[in-house]
Amino acid sequence: MINLTYTNYVNMKIREFFGKYEKSVIFGQNIVSGSRISGLGSELEKIDGVVTINTTNSENSLMGLGFGLSLSNVPSLFLMKQHDFALLALDQLTNTNNLIRNQDLAAPFILLFVIMDAGYEGPQASLNSLDEFASLTRSPVYYLSTLKTIEAAFKNASKPGLHIMALSQKRMKQKTEKSNIKTMEFSECILYRNTSNNNVYPVAIIFYGSDPSMVENMLSQVNNEKSIDLFLMSQLVAIDHNTDLFNEIKKYDSIFVIDTGKSDIHFSTETAWRLNEEGIKVKVFQRISNSNWSEVSEDQIEFTQEQIMEQIMRSY
Amino acid sequence: MNQQLAIKLANKICELRSIQLEINRSIISGEFLIPIHLAIGHEALAVSVGEVLESEDKLLLTHRNIHYQLALNTTKDQLYSEYTLSQEGLAQGKLGSMNLMNPKKSNIYTSNILGNNLAVSLGIGLASKINSNQGVVWAVTGDGAIEEGTFYESILIASSLNLPIIFLIENNFWSLGTSITERRIPINLELLANSLSIEYLKLSENNPLEYYDKLFDTRKKSQQTSRPKIIEVEVHSLGGYLVNEDSGQGRYVNYHSGGIKFDPDLNNIFEHNFSDPVFVARNILSLDRK
């Protein structure tokens with residue numbers, strides 16, 4: 001386990017997930033030849049009962065193909081190299097999904113794509129706008145960001161209908177590490193509880209994004225006296241009032257919401273607003289659209305680890 | 001046998017026209033809140049498809065689906081109730097007209113987005129193949145939708161994956177208020193189909209028995225070879241009307257949706273030639289009486 005990269009781990013979960021069905025389909029461009037999407041497609045054709053298809057470059061119609069399979073009770077996975085390719089399929093993702101979500105669907109249809117966040121891809125291949133997809137599809141969008149969130153995503157994806165999974169390009173080559181931190185699982189989030197005293201709730205970060213490396217770095221540098229707990233969103237939703245998760249978050253003295261998505265609308269804003277309505281002060285860090293986004297450039301997040309830490313330390 | 005089938009189909013064509021004219025009266029009197037696209041002039045193809053359809057087949061329709069619903073033996077009352085969004089309707093009043101589907105009668109998907117159902121038909125065709133089902137998929141579309149990119153994508157994928165799908169293109173030469181000649185160059189569908197190794201067939205003049213025979217043969221070939229087919233069918237959507245242009249000239253506009261006002265000068269609900277399925281049906285029935 002210790003040597004697995006995120007790519008290897010997600011690939012393993014795909015093979016586990018589809019191995020349990022008698023018949024299923026995995027399709028996408030170059031998924032069982034060439035680089036196999038940097039290894040995400042490794043050995044998928046060896047899964048019992050799976051039909052693997054190296055497809056044409058026809059995203060919109062292929063998305064319809066997935067919905068047609070779902071209508072016919074055949075589970076499927078559309079493995080997509082880049083998030084922005086899914087823009088070509090918005091008709092199927094919205095219109096077809098809106099129509100069939102109320103049908104008697106029996107099979108899941110998973111769309112798994114890579115968020116191109118490693119930089120230098122240019123303005124058209126650096127989409128990181130999951131909020132819009134979650135809003136348009138009104139279907140679950142999962143961050144494949146840690147072992148725990150990956151487990152949660154594939155656990156939920158057994159349910160019939162569309163599931164969208166997003167994996168960070170930066171994250172793909174990183175090694176997975178099993179965390180020893182105490183965790184608590186909610187349906188849309190994993191709480192990493194760093195605070196050792198069970199009765200103390202000083203600072204919490206709620207993180208929305210496909211690559212939590214920045215937050216992981218921050219937390220590794222915090223000493224035990226000033227612990228920070230992390231609510232890592234596994235699913236892109238605004239946290240509902242009166243849920244166990246909301247009630248857990250409300251216990252904290254200071255809350256920081258961090259969102260690394262490049263959308264102009266944010267479910268994280270709604271979460272912060274709902275906490276504010278309860279009289280809880282929340283500091284929000286979100287990305288700000290700028291001219292770099294329209295050029296070939298480094299994918300530089302507009303706020304820094306140091307800025308966040310400075311704010312957190314002030315709250316103690 | 002053929003004569004019996006011809007009479008059955010001819011009677012069904014007349015029944016479809018009659019019910020549509022009743023629905024038309026309700027549209028004109030404002031009984032429906034929803035948009036309805038009649039298919040007066042499209043009946044021959046629909047009744048032939050309804051007759052050829054096997055229980056394992058799947059039918060994917062478009063916003064203009066009333067003729068297929070009736071050909072699948074949906075009653076006038078079920079349609080009327082659906083259009084008034086009543087629980088007694090075919091889809092319990094939840095789908096109205098443009099997305100109306102009837103899964104119990106093979107019609108498992110209907111989309112009002114041009115070309116959208118073609119893509120969905122791919123998955124249904126692939127599932128049918130994987131499950132070794134003996135059925136074929138009928139994906140109905142029109143001459144407007146073949147201008148969408150998804151048409152090309154879908155026929156390419158269907159051919160590449162050897163899927164048993166029959167793409168049925170109702171060509172009425174119009175898209176909303178513009179005719180083909182007003183919006184684009186002609187598309188040689190036969191050439192396009194052949195370039196993708198897909199067999200092409202053209203039907204016209206509304207003979208329901210001829211349509212049945214050709215659809216039957218095409219279905220058999222598609223099912224046996226697991227290959228897609230393209231069938232282009234010339235239809236004349238009746239119900240057109242004249243509008244006064246700014247220039248003062250009258251301009252004929254083809255029917256698209258809503259109620260049809262009968263115009264005796266235009267013969268816009270019945271035509272006395274082979275472009276009207278009811279004319280063809282009446283010929284069959286009068287020959288039978290002789």
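Guide: Setting aside neighbours within four places in sequence, Arg184(B) has contacts (heavy atoms within 4.5 Å) with Asp143(B), Ile146(B) and Glu147(B). The model is predicted, so local features need pLDDT of at least 70 and side-chain atom pairs pLDDT 80 or more, while totals for chains, interfaces and linings use all residues. Residues are numbered from 1 along each chain as written, chains are lettered from A and ligands numbered from 1 in written order, and side-chain values use heavy atoms, without hydrogens or water.

Arg184(B) sits in the loop that runs between α7 (180-183) and α8 (189-195) of chain B; helices are DSSP runs of H or I with at least four residues, strands are runs of E with at least two, and both are numbered from the N terminus. One of its partners, Glu147(B), is joined to Arg184(B) by a side-chain polar contact of 2.5 Å. A polar contact is an N or O pair within 3.5 Å; within protein one atom must be able to donate a hydrogen and the other to accept it, and residues adjacent in sequence count only through side-chain atoms on both sides.

Elsewhere in chain B, Glu43(B) and Arg17(B) form a salt bridge (Lys or Arg side-chain nitrogen within 4 Å of an Asp or Glu carboxyl oxygen), with their closest N and O atoms 2.6 Å apart. This pair ties together distant parts of the chain, 26 residues apart: Glu43(B) belongs to helix α2, and Arg17(B) to helix α1 (residues 2-28), both of chain B. Over all chains, the salt bridges come to 30.

Next comes the sheet of chain B. It is open, with six strands in the order β2-β1-β3-β4-β8-β7 and parallel pairing; two strands pair if DSSP finds at least two bridges between them. At its edges are β2 (109-110) and β7 (199-203) of chain B; each has a single partner strand, so one side of each lacks a neighbour in the sheet. Strands β4 (165-171) and β8 (229-234) of chain B pair in the parallel sense over six bridges. In this sheet, Leu168(B) stands opposite Ile231(B) of β8(B). Helix α2 (43-52) of chain B, the helix that holds Glu43(B), packs on the sheet and touches β1 (58-61), β3 (137-142), β4 and β8 of chain B. Helix α6 (149-160) of chain B lies across β4 and β8 of chain B.

Chain A also has an open sheet of six strands, but with mixed pairing, in the order β7-β8-β10-β9-β11-β12. Its edge strands, β7 (182-186) and β12 (282-286) of chain A, each pair on one side only. Within it, β8 (189-193) and β10 (228-233) of chain A pair in the antiparallel sense over four bridges, and Ile190(A) stands opposite Leu232(A) in β10(A). Helix α10 (305-315) of chain A packs on this sheet, touching β9 (203-208), β10, β11 (254-259) and β12 of chain A.

Last is the place where the two chains meet. Chain A and chain B each give 24 residues to the contact. Together they bury about 1,900 Å² (accessible area lost on being put together, 1.4 Å probe, summed over both), and 70% of it is on carbon and sulfur atoms. Ser61(A), Leu65(A) and Leu99(A) supply 26% of the area that chain A buries against chain B, more than any other three residues. On the side of chain A that touches chain B, β2 (50-54), α2 (59-71) and α3 (90-100) of chain A give two or more residues each; α2(A) has the largest share, with nine residues.

Notes
Axes are lines fitted to C-alpha atoms, for helices over the stretch in contact, and angles run from 0 to 180 degrees between N-to-C directions. Buried area is the accessible area (1.4 Å probe) that two parts lose on being put together, summed over both.
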